[in-house]
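Welcome to a short tour of the spaces in this protein, and of one stretch of its surface. Please take a look at the sequence and the model first.

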Amino acid sequence: MAAQMDSVMISSKSEIKAGVDQLAGVIRAAGTVLGGFLIFMGLANFINVIFTGIYSRQKELAALESIGMTRKQIKITLILEGVYYCGITMVLLMTVGEILSYLIFLLIKNGVIYFAVYSFPAVQMLCVFVILVIVCVTVPLVVLRSVSKESLAERLRKGQD
């Protein structure tokens, strides 16, 4: 309860705490929206890169299949490519991403919430890692399935046009 007495304002601890909690909620919501947007853009970019890579190598993959490479070997090759992307992403996330996260935390702590404490988001990182592995393994397989619906002869012939 705030009382106004001749230009002196008194605020209770509960009012200050409520204001700080509200501010922290706004910052958390903004961070969640920004993080969700970045994840969506990253996934869209990853799917685009994988689709373009497989589509542009469609004739190459068909040629490899025609000289004896099995579909299983092609799938394993594309899965390994996805796992490499996953590894690169995780290394960048654990280094550059954490440094940026800590710097943003310092800006918020020095500017708004001076009593905030930084903690490494281990559970969130584990969840991101699991989701990233699943996406990096399944997307190449789904793209391969959608690109290679035609017969082997039709895929080899397509590149000659």
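On a 1 Å grid over the protein atoms alone, a pocket is an open set of points with protein on both sides within 12 Å along at least five of seven lines, whereas a cavity is a set where a 1.4 Å probe fits but cannot get out; lining residues have an atom within 4 Å of a point. A volume is the space filled by probe spheres set on the points, which are joined across faces, edges and corners.

The model is predicted, with local features needing pLDDT of at least 70 and side-chain atom pairs pLDDT 80 or more, while totals for chains, interfaces and linings use all residues. Residues are numbered from 1 along each chain as its sequence is written, and side-chain values use heavy atoms, without hydrogens and water.

The largest pocket holds about 2,100 Å³ of space. Among its 43 lining residues, Gly-35, Leu-38, Ile-39, Leu-93 and Ser-101 are the closest to its centre. Helix 1 (13-56), helix 3 and helix 4 each give two or more residues to this lining; helices here are DSSP runs of H or I with at least four residues, numbered from the N terminus.

The whole structure has 1 cavity of 30 Å³ or more, and the largest cavity contains about 60 Å³. Its lining includes Ile-54, Arg-71 and Arg-155.

| Space | Top contributor to lining |
|---|---|
| Largest pocket | Helix 1, 15 residues |
| Largest cavity | Helix 2, 4 residues |

Finally, Ile-99 is found in helix 3 (residues 71-111). Ile-99 counts as exposed because its relative accessible area is 54%, and exposed means over 50% with a 1.4 Å probe and protein chains only.

Methods
Buried < 20%, exposed > 50% of the residue type's maximum accessible area, 1.4 Å probe, protein only.
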